[in-house]
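Subject: Structure handover, with notes on salt bridges

Dear colleague,

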Amino acid sequence: MFITFEGIEGSGKGTVIAGVREWLRSLPQGGPPLFCTREPGGSDLGRELRALLLDARRSIAPEAELFLYLADRAQHVRGHIRPALDAGTVVISDRYADSTIVYQGYGRGLDVEELFRLNVMAVGGLWPDLTLLMDLPPQTGLARARARNLREGLEVAEGRFEAENLAFHQRVRDGYLAWAGRHPGRFRIVDAAAPPKDVLASVKAALAEAFGLG
């Protein structure tokens, strides 16, 4: 099974994924084999591209940004995600193709349908079985993300999207909801503004249903 987490900056994807990993490993017999990864940066090439894409000192044209993300994703799928799935491993990814469609499409203004076609090529037709959209107001997410980067000393190294204005992040949030509305069979929307324990409980309930865990 292939599961992805999506959402605006500061939506808590990483924290929830850590909680999910702990929960799955606590299941009888240790739970299913599990591979957790992220985009950008889930491969050797991706880690180099991540440094370029998230560096706040860089100005990158939307089209150039798009193709860097597609290169990261193509390598990630070919080298890591598909082999893991073929081996019967559950794959959980912090971001995937939906991020590019939303950020570069709804956020940057590139053509959403063309972005979808390019992503189909990059991933070889591989789409998640389940996508959990961590949804919250952009003001809240942006404040969280900027505080996290400040705390971890990442304002420059990973702060390029956090440096975007609130209007951009609102377009991204609206874009995620619109895109999820077009794919209701795959997306589950989670209230990421709720208390952390309630967020994790909602995610676990969605995953338990997906895994058929009573």
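R160 and E65 are both buried, where buried means under 20% relative accessible area, exposed over 50% and partly exposed in between (1.4 Å probe, protein chains only). These two residues form a salt bridge whose closest N and O atoms are 2.4 Å apart, a salt bridge being a side-chain nitrogen of Lys or Arg within 4 Å of a carboxyl oxygen of Asp or Glu. The pair links distant parts of the chain, with R160 in the loop between α6 (138–152) and α7 (166–182) and E65 in helix α3 (residues 62–86), 95 residues apart; helices (H or I, at least four residues) and strands (E, at least two) are DSSP runs numbered from the N terminus. R160 and E65 also belong to a network of salt bridges that includes R108 and E164.

Please note that this is a predicted model, in which local features need pLDDT of at least 70 and side-chain atom pairs count only at pLDDT 80 or more, while totals for chains, interfaces and linings use all residues. Residues are numbered from 1 along each chain as its sequence is written, and side-chain values use heavy atoms, with hydrogens and water left out.

The search of the whole structure finds 16 salt bridges. One of them joins D94 to K13, with the closest N and O atoms 2.8 Å apart, and this pair links strand β3 (residues 90–94), which holds D94, to helix α1 (residues 13–25), which holds K13, across 81 residues. D94 is buried at a relative accessible area of 15%, and K13 is buried at 10%.

Best regards
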